[in-house]
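Have the structure open while you read.

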Amino acid sequence: MIKAVIFDLDGTLLDTLTSLETTGNRMLRALGLKEQKREQYKYFVGDGAVELVKRALAAAGDTKAEHFERGMKLFRKYFKEGCSYEVHPYDGIHETLHALLQRGIQIAVLSNKPHMQTEEVIREYFGEGVFTIVRGQMDGVPKKPDPAGAYAILEELGVKPEECLYAGDTNVDMQTGRAAGMHTVGVLWGFRPRRELEENGAQMLIETPRELVGLVEAVG
């Protein structure tokens, strides 16, 4: 029986691509480097801010990350100022969360986005009290795909891995869900293609958020 669903954030609950692209390109401009295209940012994201900055710098020609230290400081500064820029929940997300809660399903968030920004955007777009637990990247806790963060959430929720669905849109999410022993759901409305999700262990794939409710009932 499914008792909980853990969600990734960027590309799963919220379309944050514009904010990440804008922040990343603002950083690159400040460093005198070439801005990168929107589609590229879909592959820069997923492993936390440090990897995003490294990937953006490399794509802009700084393959040795000579600008990394300054770039990281700039990215954090700009992201703090604009982490909610043109961010919005995907169509059907609010209704899906409500339907899950009505069925007594606990819901949580596990993201590689810095914890403070994760809490900020969840509070802004979903309010207080919707998610039982909201966790972003924190010092001392390995980031995804290490399952440590997922295990901590499961323990706090009081559910077993086999009683939980993990929903995400990237290879990192699929690897996280499988490593933690959860039912792993790849969402096709996010940043990465079907093939990537399949190749990294997606057990189920859905095209719309509303399908998640059916999965909860089917698996349960």
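Predicted model: local features only at pLDDT ≥ 70, side-chain atom pairs only at ≥ 80, totals over all residues.

Asp 173 sits in helix H8, which spans residues 171-179.

What does the side chain of Asp 173 have 3.1 Å from one of its polar atoms? That would be the backbone nitrogen of Asp 169. Looking past the neighbours within four places in sequence, Asp 173 also touches Asp 8, Lys 144, Tyr 166, Gly 168 and Thr 184.

## H5 against H10

Next up is a helix pair. Helix H5 (residues 93-102) packs with helix H10 (residues 211-219), their axes 9 Å apart and at an angle of about 25 degrees. Since angles under 35 degrees count as roughly parallel, that is how H5 runs relative to H10.

On the H5 side, the contact comes from Thr 96, Ala 99 and Leu 100, while H10 brings Leu 212, Val 213 and Val 216. Sorted by class, that's 5 nonpolar residues, 1 polar and no charged ones.

## Two nonpolar cores

The largest nonpolar core holds 54 residues, and the members touching the most others are Phe 7, Leu 13, Met 27 and Phe 131. Take Met 27: leaving out neighbours within four places in sequence, it's in contact with Val 53, Ala 56, Leu 57, Gly 71, Leu 74, Phe 75 and Tyr 78.

There's also a second, separate core of 14 residues, with Ile 6, Ala 108, Ala 150 and Leu 157 among them.

Conventions: Residues numbered from 1 in each chain as written. Heavy atoms only, no water. Helix = DSSP H or I, 4+ residues; strand = E, 2+ residues; numbered from the N terminus. Polar contact = N/O pair within 3.5 Å; in protein donor to acceptor, adjacent residues only side chain to side chain. Contact = heavy atoms within 4.5 Å. Axes fitted to C-alpha atoms, helices over the stretch in contact; angles between N-to-C directions. Parallel < 35°, antiparallel > 145°, perpendicular 65-115°, else oblique. Nonpolar A, V, L, I, M, F, W, Y, C, P; charged D, E, K, R; others polar. Core = buried A, V, L, I, M, F, W, Y, C linked by side-chain atoms within 4.5 Å. Buried < 20%, exposed > 50% of the residue type's maximum accessible area, 1.4 Å probe, protein only.
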